[in-house]
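Hi everyone, thanks for coming. Please have a look at the screen, and I'll talk you through what is there.

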Amino acid sequence: MPTTATRRLALATVFLATVFLAIIAPTAAAIDVTAEDAASLKAAQAAYDSARYADAVNLLAPLAAKYPVEPDIPRMLTHAYFELGDYDRARQSALAAIAAGRLSADVLGRIAQIDQHRHDHVAVLNVVRLLTVVDPENRQW
């Protein structure tokens, strides 16, 4: 049975490989959404801004299934799940956002926070290293 350190190293390797693929993958063009789905996205953002995170998730989850290559939907889900304390789904959503082309400081920052809550300090250090590359002017890292 692998040790905890071995499992953490394997997870960090998978994460870094996902990030690498997101970096070299072509950036996806903006996805056209229906007027109804655009209204749902707007309502989800309003729900999140009003700290109604469960409502935001309920609006975003069907859209994530409908538009799997649209990176902002899983990015928004990352933040909503994090605020609900559902760190596993938040991390899955963050990785989905990165895989769809949204390699951004807010997504990586959330992953670092999630890993910190999970007491996975090796993963936090790896994410912080990436953050210094993605957002080098930010002195928080």
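This is a predicted model: local features need pLDDT of at least 70, side-chain atom pairs count only at pLDDT 80 or more; totals for chains, interfaces and linings use all residues.

If you read along the sequence, the pattern is α-α-α-α-α-α-α. The chain has 141 residues, and 35% of them count as buried. Now take the contacts between residues at least 6 apart in sequence: 58% of these join residues at least 24 apart.

Let's turn to how helices pack. Two packed helices are described by the angle between their axes and the distance between the axes. Please find helix H4, residues 72-84, and helix H6, residues 105-117. Their axes are 10 Å apart, and the packing angle is about 30°. Angles under 35 degrees count as roughly parallel, and H4 and H6 are therefore roughly parallel to each other. Their crossing is left-handed.

Which residues make this contact? On the H4 side we have Arg-75, Thr-78, His-79, Phe-82 and Glu-83, and they meet Asp-106, Val-107, Arg-110, Gln-113, Ile-114 and His-117 in H6. Sorted by class, the contact of H4 with H6 has three nonpolar, four polar and four charged residues.

Now stay with H6 and look at its contact with helix H7, residues 121-134. Here the axes come within 9 Å and cross at roughly 165°. Over 145 degrees counts as roughly antiparallel, and therefore H6 and H7 are described as roughly antiparallel to each other. This crossing is left-handed. From H6, the residues taking part are Ala-105, Leu-108, Gly-109, Ile-111, Ala-112, Asp-115 and Gln-116, and in H7 they meet Ala-123, Val-124, Val-127, Leu-130, Leu-131 and Val-134. By class, the contact of H6 with H7 comes to ten nonpolar, two polar and one charged residues.

Next, some rings. How many aromatic pairs are there? The count comes to two aromatic pairs. In the pair of Phe-82 and Tyr-87, the ring centres are 5.4 Å apart and the planes are at 55°, so the pair is tilted. Is Phe-82 buried or exposed? With a relative accessibility of 10%, Phe-82 counts as buried, because buried means under 20%. Tyr-87, at a relative accessible area of 24%, is partly exposed.

Now for the loops. Ser-104 sits in the loop between helix H5 (87-99) and H6. Its relative accessibility is 14%, and Ser-104 counts as buried. Ser-104 and Asp-135 are 31 residues apart along the chain, and their C-alpha atoms are separated by 8.1 Å.

One last topic, the backbone angle phi. Most residues other than glycine have a negative phi. Which residues here have a positive phi although they are not glycine? Ala-51 is one of them, with a phi of about 65°. Ala-51 lies in the loop between helix H2 (35-49) and helix H3 (53-66), and counts as partly exposed at 47% relative accessibility. His-119 also has a positive phi, about 60°. You'll find His-119 in the loop between H6 and H7, where His-119 is exposed, with a relative accessible area of 54%.

That's my tour, and I'm happy to go back to any part of it.

Methods:
Residues are numbered from 1 along each chain as its sequence is written. Side-chain values use heavy atoms; hydrogens and water are left out. Axes are lines fitted to C-alpha atoms, for helices over the stretch in contact, and angles run from 0 to 180 degrees between N-to-C directions. Helices (H or I, at least four residues) and strands (E, at least two) are DSSP runs, numbered from the N terminus. Angles under 35 degrees count as roughly parallel, over 145 as roughly antiparallel, 65 to 115 as roughly perpendicular and the rest as oblique. A crossing is left-handed if the near helix is turned anticlockwise from the far one by less than a right angle, and right-handed if clockwise. Contact means heavy atoms within 4.5 Å. Ala, Val, Leu, Ile, Met, Phe, Trp, Tyr, Cys and Pro count as nonpolar, Asp, Glu, Lys and Arg as charged, and the others, Gly among them, as polar. Rings of Phe, Tyr and Trp (its six-membered ring) pair if their centres lie within 6.5 Å; planes under 30 degrees apart count as stacked, over 60 as edge-to-face and the rest as tilted. Buried means under 20% relative accessible area, exposed over 50%, partly exposed in between (1.4 Å probe, protein chains only).
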